[in-house]
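The sequence and the model are shown first.

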Amino acid sequence: MFESELIGVISSILLLSSPLIIAVVGETFTERVGVVNLSLDGSMLLSAMAGFVAAYETNSLILGFLGAAAVGAFFALIVAFGSIQLRQSQVAIGFVLTLLGDDLSAFLGQNYTRLPGPVVQKLPIPILKDIPIIGPIFFDQNVIVYFALLLVAFSWWWIFRSRPGLSLRSAGERPDAAFARGVNVKRMRYFYTLLGGALVGIAGASYSLNVKIGWIEGLTRGLGWIALAIVIFGGWSPVRGAIGAVLFGAAKNLATVLQPTFPQVSVVAFNAIPWILMIIVLVIVGSEFSERLVALAPKGMQRPLRRFLRVSPPMALGTELDER
Amino acid sequence: MRAPQWVLRVWPFVPIIGALLFTTLLLVLFGASPLESFGAIIEGAFGTQSKVLSVVAFWIPLFLASTGLLLTFKAGLWNIGIEGQIILGSIGASWVALNLEAPSAVLITLEIMAAMAGGALWALLVGLLKTRGGVHEIFGGLALNNLAILLTLFLISGPWQPPEGGSFRGTPPFQDAALLPRFAESRFSPLSLLLTVVAFTLVAIALRNTFWGLKLKALGRNARSAFLLGVSSEREALFAMMFCGALAGLGGAVRVLSWFDSLRQSISGNIGYLALLVVMLSLFRLFWVPLISFFFSAVLIGSITLQLRTQLHSSLGGILTGVLVLFVLLFGDSKRLGLFSDGGDADVRE
């Protein structure tokens, strides 16, 4: 009895964290190639709104997701164009787009709030769903979850095991060397920034097309920033990033489970958990503090633990390429 | 092709026209008359004396926060946490207003000191997370902003809730002696304007004429070589953050003591994020900051009238200012676009 309850909790955590996984993988692509798209919080809001409106008007979920992907890619294009072509600060452009996306989603979506719209349905996979434990967790879900899981596996293989992935990483680590070896760094940066933006857009729509009452103002506010922090926690790896997103989902889930059990603790305290987690996690991966943690571990564990805790960004992250 | 002189002269207006065209397009899309809508914004900002005073009252904390950001930007820091620093200022002032009793002058002095301390403390946390914890100030600041909002919610629904019971609306109104003296029946307090002008002057002098300003500049340009030249990067960065936080906190005090009369749910009104836009739009030129922040204040206060009159969402004001900043960032500098080779590039190469 307890076992089936646990499986239910795990599968609902996976369902809840799938959109975040997609956003994290998208931004991982973008940052791996050396560009920071800081606009996530705004572009997710705008694409969540656009995806819902497109799906609502056309009654087609596919058009909803495509519309959202286009919005996300367009925001990414502005970041890419501004930083690659015009050599402006990526952080500045990303930040302005964050605020703009928020305001635009509120304005453009004002006539579509609290409307029941199309929803992504559950799509169990025959045979596979009957495997004990694994079946109900992974194969009795909806398309968003399948897409997120496949995306994680594929992007890990693409970034770390494929030939084009090597060029992708080289453009983010040593763009001048990559350029000298004949990699078209600029084109590469455009491509992956737009790809990452499109994925962020899909993530936004995954929130607004996942529940019956699709769009409300500020639907995903804050989640874009969480995704950006998880990319760092994930050490710019899709698999670790996905684990981070699921852990975050689990922490939020735990809060909603605990809340009725401890009515004397203010609701506010539970809402603070994600942000406190964000600080703690970033301190652990970002500072000497991780070394102290490693020292506490038994000798044999120290090396793998250090590898797990220490992360380092792509070396040329956020810098511009001088091809002259 | 060399750019003709007149092109260079009108170029700065291109982003402004672009932003106006974009918002006009949105208005047409929603079936509103652009002329009527912009008219409503202008009337909402300058139509009556009380509206002008509202614009001024909203402008003061925005101006204060922007002034503080001049310091952190100069030191090369992205102080997104300023939103939380304003909120902590509001909380600090509210704590004094709700708990102490004293003659008005003493009370207000204490409130302002508590507000500045609150803002500086929150900024110090962001700074320490960066220098000691390796957390980029954008992420540290953002997390602390959200925690500040939650702290406000906790206070107004818990320890500081009104006697008739907790709601998430706000604390009971403060005693009269705790509030800043206001002009006529408005939300504008002349004292806060005086303090703001003093703060701006001090910052302007610090940045232009002091060794500290020079050190901040060195830090902002190249943190590593500044360190090698003997500038303690940690100390200067923390000082810049705390100074900025104190000014933001003062802005927070103005929000609770003259814009409102109590601590409310969304006390900062996004002023911190707006201030970041103001300073970015000013391209870090000191004397544009008061003008731009006043313009922003007018647009945002005017948008409230727009919403009342046309039922359109008041976020249009935010869109107008946001698009303006984006266009200035992207297209403001004609040289970067590479449309014309106006000889400027040659200097850079040498």
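## A buried helix

In this predicted model, the buried residues of α10(A) are Leu223(A), Gly224(A), Trp225(A), Ile226(A), Ala227(A), Leu228(A), Ala229(A), Ile230(A), Val231(A), Ile232(A) and Phe233(A). The helix is thus described as mostly covered, with 11 of its 11 residues buried.

The cover over these buried residues comes from both chains: it includes α1 (2–32), α2 (40–58), α11 (238–261) and α12 of chain A, together with α7 (137–157) of chain B. Just after α10(A), Gly235(A) adopts a positive phi of about 55 degrees.

## The contact between chains A and B

Chain A contributes 31 residues to the contact, and chain B contributes 34 residues. On the side of chain A that touches chain B, the elements giving two or more residues are α4 (90–108), α10 (223–233) and α12 (267–286) of chain A. The most is given by α4(A), with 12 residues.

By residue class, the side of chain A that touches chain B comprises 21 nonpolar, eight polar and two charged residues.

## An exposed alanine

Ala153(A) belongs to helix α6 (residues 143–161) of chain A. Is Ala153(A) buried or exposed? Ala153(A) has 12 other C-beta atoms within 10 Å and is therefore exposed, since a residue counts as exposed if that number is 12 or fewer.

Ala153(A) and Pro238(A) are 85 residues apart in sequence. In space, their C-alpha atoms are 8.0 Å apart.

Conventions:
Residues numbered from 1 in each chain as written. Chains lettered and ligands numbered in written order. Predicted model: local features only at pLDDT ≥ 70, side-chain atom pairs only at ≥ 80, totals over all residues. Contact = placed C-beta atoms within 7 Å. Helix = DSSP H or I, 4+ residues; strand = E, 2+ residues; numbered from the N terminus. Nonpolar A, V, L, I, M, F, W, Y, C, P; charged D, E, K, R; others polar. Buried ≥ 20, exposed ≤ 12 C-beta atoms within 10 Å, placed from the backbone.
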